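Hi there,

Here is the structure I promised to pass on to you. Have a look around it first, and then read my notes below.

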Protein chains: 2
Amino acid sequence: MEKILVAQSGGPTSAINATLAGVINYAKRNNFEIIGGLYGISGILNRNFIDLSKKIKNDCDLETLKITPSSALGSCRYKLNNSDLEKILQIFKEENIKYFIYIGGNDSMDTVDKLSEYFLENNEDIYCIGAPKTIDNDLVLTDHTPGFGSAAKFVADSIYKVARDIDVYDYKTITIVEIMGRESGFLTASAMIPKFITNMGADFIILSEDIFDYNKLKKLIDKTFEKKPNILIAVSEGIKYEDGTYVSEDKTKVDNFGHTKIEQVGTKLKEMLLKDYNLPIRSIELSILQRASIQSKVDIEESFSIGEFAAKSVVNCNTSKMVSIERLSDDPYEVKLNLVDVSKVANKVKKVEKKYIDNDYTLNKKFLNYLLPLIQGEPEIKYKNGLPVYFDLK
Amino acid sequence: MEKILVAQSGGPTSAINATLAGVINYAKRNNFEIIGGLYGISGILNRNFIDLSKKIKNDCDLETLKITPSSALGSCRYKLNNSDLEKILQIFKEENIKYFIYIGGNDSMDTVDKLSEYFLENNEDIYCIGAPKTIDNDLVLTDHTPGFGSAAKFVADSIYKVARDIDVYDYKTITIVEIMGRESGFLTASAMIPKFITNMGADFIILSEDIFDYNKLKKLIDKTFEKKPNILIAVSEGIKYEDGTYVSEDKTKVDNFGHTKIEQVGTKLKEMLLKDYNLPIRSIELSILQRASIQSKVDIEESFSIGEFAAKSVVNCNTSKMVSIERLSDDPYEVKLNLVDVSKVANKVKKVEKKYIDNDYTLNKKFLNYLLPLIQGEPEIKYKNGLPVYFDLK
């Protein structure tokens, strides 16, 4: 039996295990040995493997894994160096691993790129495919990324619920909701959904792609207060001033990758507004729940198909590729899976196109045609003792 | 037809409209006229009424209202003064209102108390009953409060998801989750559930009832790091030092009721920990979603029954009472509804009993017997376009 290795990397999503389940499903049904690498490529370097054929005993296990949020194999944030490549080749040969599928975002695609190029250069009979995932939806050459639909649904749902909550009082309030997205505002843009669907939602949506202009926002707020008492603002964590500096940047703090630390932009905006408005102003950060909570059935099913497609592609000796989603139609929603060169995806960032962004911190309806199909449907979750039932691999 | 007036007050919950639906259901099936006061007692003072018999056309409307979070009639935070009492009597007489049900927390029970005493003193044929609600579970003379079970379920669910999320990396991290509750830690205590049920959850739970001792916490953290890399701490927003000052208090800010402003205790704790630990430390505030999101079916059904019981009690000329829940059995879970004197509930605060709180910032299993029945079951929610379908009354 030929052996497939699968691992997960980067930040978790609610759909990342659906892709894993798809890989396992294809492998088991087509008689491949399937093992999992724990804690991504850094775990693989330590030969931290588990036998997934044994862990997943039946379809029931597979269905539970499919709806389990957060990377069931664990994750890492590790950039490969050249000596790692040699070491991984040695491990793959010793462990008899012929096929490798890495489920991840930008950085993980860089890993797939480096590994597959190294195997090609050395004429090794080993093949690598990337399966995309990220709630940020910031990968190029794919209509959208697995995991985004579920996160977008959580954002839309939360904005709707917050909008209903703040609507209970008849006096003026301002509420800010801070949403993940350092360079790409796709997730924050999802805050547009409830307003279009129910007429209750975010009044203003400020994206990482926007130029943040406090005076412009203030004028828009004042105008809106003439019509209604409560104002809801959705902001990307990565909003910037015209000169490109982050609104929330703390220049004294730099992370391991050299990125300036940005945090609590909602609190920063609240402090600015409190100087001009003597009102109850609240800032809410959706935080980790964005990537671990509500799921879109469309997203879960697509993520599963992507896992199956990645497995099928890699055992057919495709390498140095990433699975991508091509949208054929918005309504009825229809997509097709393709392979794209992983080198063209690695380390690049997709942004919300300017044509969708209006000048008054709102998005136009055309963007809804893109977003809405991705949040449809609710997967069936089993509960025990009041908590959802998930699958543990580690 | 005799007329019942119903209104809602204080902070919203996920179950407050289930109680409203119960009141409407009883009224319609027993041929009472039923009107709603918008924006609580302050709206009633402005004769801001709607005809609920007309708004709720059928059982389908009633079922949708039942699972709609946030006060559908709007809310207020208003303390009655003596001239208001006279004005309300006049309005009730002119509008021919004989029965009044007020759905709310501590302050609302004070309103029910004052109004019913005033009507009694003046020998008026008008009757007032309070229906409890609060996510804080801090009302006395009732086993628990409607709305608490749903909020507790959201907290348990969120803690479980956060615990799974932080478990994906194999390096040390500390995560703090800040939970609502200024004086009562019931909601924070719900963070105990996932650890007991799934073995993944909060390592430490610091309640408003606890004395916050940073050095004690630090020792517990160090000991836990010997066993596992990621630590999850749940804290009540109202945690206090031994001398009674809030950990997060900002003495420069005092609200309209004279309460010192407390906010972002999670961030405060994070800053303390960052001085001792050079690790990724994150603070998450569950915020408004605690009272507007996930629902417990037990809570929704109980809240509905309480609405029906309140209506039945008031039209039988009970007055100056609040509906209370008496627990008959934990397993099988069984309760009975009673009436208690509203004057004995108003302005009092129930706290988590000391016998349930262990000395190492954890709660013992006995408290689970109390909590667990309250978070059982998931009400059926309809979705349209990817968002839940709710009912609008205003």
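This is a predicted model: local features need pLDDT of at least 70, side-chain atom pairs count only at pLDDT 80 or more; totals for chains, interfaces and linings use all residues.

Let's begin with a helix in chain B.

In chain B, seven strands make an open sheet with mixed pairing, and their order is E3-E2-E1-E4-E5-E12-E13. Which strands stand at the edges in chain B? They are E3 (49-51) and E13 (333-341); each has a single partner strand, so one side of each has no neighbour in the sheet. On average, neighbouring strands here are turned by 30 degrees against each other, direction ignored.

Further inside the chain B order, E1 (residues 3-8) and E4 (residues 97-104) run parallel and are joined by six bridges. To find this pair on your screen, look for B:Lys3, which stands opposite B:Ile97 in E4(B). Helix H1 (residues 16-29) of chain B lies across E1, E2 (33-37), E4 and E5 (127-132) of chain B, at about 175 degrees to E1(B).

Now for chain A. An open sheet of seven strands is found there, with mixed pairing and the order E3-E2-E1-E4-E5-E12-E13. Strands E4 (residues 97-104) and E5 (residues 127-132) of chain A pair in the parallel sense over six bridges, and A:Gly104 stands opposite A:Pro132 in E5(A). Helix H5 (residues 82-95) of chain A lies across E1 (3-8), E3 and E4 of chain A, at about 125 degrees to E4(A).

How do the two chains meet? The contact takes 60 residues from chain A and 60 residues from chain B. Between them the chains bury about 4900 Å², with 55% of it on carbon and sulfur atoms. There are eight salt bridges between chain A and chain B. A:Lys394 and B:Asp167 meet in a salt bridge through their side chains, at 2.9 Å from N to O. Several elements of chain A give two or more residues to the side that touches chain B, including helix H9 (193-198) and strand E15 (387-388). Which element gives the most to that side of chain A? It is H7(A), with 11 residues. By class, the side of chain A that touches chain B has 28 nonpolar, 16 polar and 16 charged residues.

Enjoy exploring, and write back with any questions!

Best wishes

Technical notes:
Residues are numbered from 1 along each chain as its sequence is written. Chains are lettered from A and ligands numbered from 1 in the order in which they are written. Side-chain values use heavy atoms; hydrogens and water are left out. Two strands pair if DSSP finds at least two bridges between them. Helices (H or I, at least four residues) and strands (E, at least two) are DSSP runs, numbered from the N terminus. Contact means heavy atoms within 4.5 Å. Axes are lines fitted to C-alpha atoms, for helices over the stretch in contact, and angles run from 0 to 180 degrees between N-to-C directions. Buried area is the accessible area (1.4 Å probe) that two parts lose on being put together, summed over both. A salt bridge is a side-chain nitrogen of Lys or Arg within 4 Å of a carboxyl oxygen of Asp or Glu. Ala, Val, Leu, Ile, Met, Phe, Trp, Tyr, Cys and Pro count as nonpolar, Asp, Glu, Lys and Arg as charged, and the others, Gly among them, as polar.
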